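Trainee: Please show me how to read the packing in this model.

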Amino acid sequence: MPIVVAACVVPCFAAEGWLTDMEAAKKEAAEQKKELMIEFTGSDWCPPCMQLRASVFSKPDFQKEAQKDFVLVELDYPRRKEQPKEVKDANAKLAQQYGVRAFPTVVFADAFGKPFGGFVGGRSREDVMKAMQDALKNKVALKTAEEKVSKATTDETRLAALMEVLKLAPENYVDSFYGDVKAEIKKLDKDDKSGLKAAETRADQLKKERKDLQDFLAAKVTDKAPPAEALKAIKAYPNRDKLFPEIQQKLLMEEFRPYVYSTGDVDGGLLILDKVIEMVPGTEVSHRAFIFKEVIRADKDKFKSRIEAMRKEQGQ
């Protein structure tokens, strides 16, 4: 019996207060009438993840406050420490289901795993607490909108209520978790007064532009490419001014590293980050640029010294 118990504890629990089994967490959330706070993390290689855990998630006062409303779940994607195959496979499926593209990603979801909020990247304790409260308020608003859908007596009022649900649904999880809402809106909204069909057309084109850029960067901006050549290639990306703003933002962000390494101009690099942040606020790219900017400005002289050392090493 002791051996069986020990084998169960290892895969089910991470740091104290955090579960690692999603199904167990859902069951506990349902029983306790709580929500889920799901952290997707790279615990042994991702600096923002490690910082978030050390300064916020591991703190007893944070856990005590968060556990009033949430069951805490840690889904880990380590690169060095071993994980049981069943845990690794389960976590991989969950990352795909929730469309995780960066670490850390934090999702606020109901006991069924349906998201109603979240954020990507490192945060201070105050910012995490605000995100939690904002998500809980959004959950209440979503519930109200969903009740309006169920009470609607005409197609017009049902469409309006469905649109409110879609508006409140977290954008990153609409297709995965609110697809039924989108499908019914398209069915009721013959003339696309909601703009949903037009938005989907834009999303498809944006997806294509992202794929084209990804293929371009993989071919032209490799780790072996000298920074000056990488910068030149990025600046020469075809029809750049005709791309969606999100793609232009991504291209500008890609300029940051080769620009700084090829010129040594850290202040110019910070200006690039400022432009990235201003171009399309609220995206993952703008948030990453903000984090880079804050890290550099916290000790700019040290960052400059490191860049100069690397340039000398490369003979620049």
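Trainee: Leaving aside neighbours within four places in sequence, which residues is Phe-62 in contact with?

Mentor: This is a predicted model: local features need pLDDT of at least 70, side-chain atom pairs count only at pLDDT 80 or more, and totals for chains, interfaces and linings use all residues. Residues are numbered from 1 along each chain as its sequence is written, and side-chain values use heavy atoms, without hydrogens and water. Contact means heavy atoms within 4.5 Å. Phe-62 is in contact with Trp-18, Met-37, Val-56, Phe-57, Arg-125, Val-128, Met-129 and Met-132.

Trainee: Which members of the largest nonpolar core touch the most other members?

Mentor: A nonpolar core is a set of buried Ala, Val, Leu, Ile, Met, Phe, Trp, Tyr and Cys residues joined through side-chain atoms within 4.5 Å. Buried means under 20% relative accessible area, exposed over 50%, partly exposed in between (1.4 Å probe, protein chains only). Here the largest core has 54 residues, and Met-37, Ile-38, Phe-62, Tyr-98 and Phe-108 touch the most other members. Helix α6 (residues 125-151) gives the most to this core, nine residues. Helices are DSSP runs (H or I, at least four residues), numbered from the N terminus. A separate second core of 16 residues includes Tyr-261 and Ile-307.

Trainee: Which residues of helix α11 are buried?

Mentor: In α11 (residues 227-235), they are Pro-227, Ala-230, Leu-231, Ala-233 and Ile-234. They line one face of the helix, because they fall within an arc of 160 degrees seen down its axis (the arc of directions from the helix axis to the C-beta atoms). Exposed Glu-229 and Lys-232 sit on the face turned away. The buried residues of α11 pack against α10 (196-220) and α12.

Technical notes:
Helix = DSSP H or I, 4+ residues; strand = E, 2+ residues; numbered from the N terminus.
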